[in-house]
Each structure stands twice: as structure tokens, then as C-alpha cells.
Amino acid sequence: MTKHLGDKNSHGIYLSCGNISKEIRTKLTAGCWLKVAEIPKVKFNEEKSQGILTQRLCHMCLDIVTESLKQCAEVAVCMPDAEGVLRMVRTFLLAHIADYPEQQLIAWCILRDFCLNK
């Protein structure tokens, strides 16, 4: 969590490449994680709907942030590898680190999308 001015907070969204070894990726000084977005943490006026609105905002922000990854997962795109050679690749999200309530939220989102796409 990142603290800003006053009572404004946000959740940082970080991405890393899966083919980096765990020993390197877990070192903070290795620079393997890239901050791609911050999701605002807000208090809505409707207190009874606070949880639902917060979850919906989180999903909408994650949907915007991962839009290009989702498109690349469906249709391969040309990207340079570590040596600069252009290759056709497809991206896949393989892991998501979260606490238990967030895991439930993501599981529901995946199930909902699966049911809607059938």
C-alpha cells in the first residue's frame, strides 16, 4: 500500500516476468517487479454498498491495466526477446499474489467471465 497526502491511499499493481528465477525475483534490489498501476482506495457515500463498490472499482481498474495482456493472450504479437530478436509471443497471467478476501474476489470474477463467455 502506498500512502499519499492526507487520507488518500492506493494499492500498487506490480508485474514480473515468470521466467526469472525465484532466487533473483525475490530480491528487492534485483528490480524484477515493475509497478504498472495504482488502484485508488476510496470511501463511497453509500456505506451499505462500500464493499461491492470497492470490488467493482478494483475490477474495472484491473480490466483497464491488463487489457493489452488479454489481447496478446488471444492473438500473438511480435516482441523482442532478451537478445533483441523479434518473436511472435502470447502472454498469459499465471499467478496472482493476494490476501484471502482478494483471492475470493478474483475467483468470482474468473467464474463470472467463464460463465458469460459460454
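Reply: A residue is called buried when its relative accessible area is under 20%, exposed when that area is over 50%, and partly exposed in between, as found with a 1.4 Å probe on the protein chains only. By that scale, aspartate 63 is partly exposed, with a relative accessible area of 38%. The model is predicted, so local features need a pLDDT of at least 70 and side-chain atom pairs count only at pLDDT 80 or more, while totals for chains, interfaces and linings use all residues. Residues are numbered from 1 along each chain as its sequence is written, and side-chain values use heavy atoms, with hydrogens and water left out.

Here is the setting. The protein chain has 4 helices and 5 strands, which are DSSP runs numbered from the N terminus, helices being H or I of at least four residues and strands E of at least two. Read from the N terminus, these elements follow the order β-β-α-β-α-α-β-β-α. The protein chain has 118 residues, and 14% of them count as buried.

The structure holds 3 salt bridges, each defined as a side-chain nitrogen of Lys or Arg within 4 Å of a carboxyl oxygen of Asp or Glu. Two of them involve lysine 70, a residue that is itself partly exposed at 34% relative accessibility. One partner of lysine 70 is aspartate 63, and the closest N and O atoms of that pair are 2.0 Å apart. The other partner is glutamate 67, where the closest N and O atoms are 3.9 Å apart. Glutamate 67 and lysine 70 both belong to helix α3 (residues 67-74), where they sit 3 residues apart, about one turn of the helix.

The remaining salt bridge joins the side chains of lysine 35 and glutamate 38, at 2.6 Å from N to O. Lysine 35 is partly exposed at 33% relative accessibility, and glutamate 38 is partly exposed as well, with a relative accessible area of 35%. Glutamate 38 also makes a polar contact, side chain to side chain, with serine 10 at 3.0 Å; such a contact is a pair of N or O atoms within 3.5 Å, where within protein one atom must be able to donate a hydrogen and the other to accept it, and residues adjacent in sequence count only if both atoms are side-chain atoms. Serine 10 lies in strand β2 (residues 9-15) and is buried, with a relative accessible area of 5%.

The largest nonpolar core has 6 residues, namely Ile13, Ala37, Ile39, Cys58, Cys61 and Leu62; a nonpolar core is a set of buried Ala, Val, Leu, Ile, Met, Phe, Trp, Tyr and Cys residues joined through side-chain atoms within 4.5 Å. Strand β3 (34-41) and helix α2 (50-65) are the elements that give two or more residues to this core, and α2 supplies the largest share, 3 residues.
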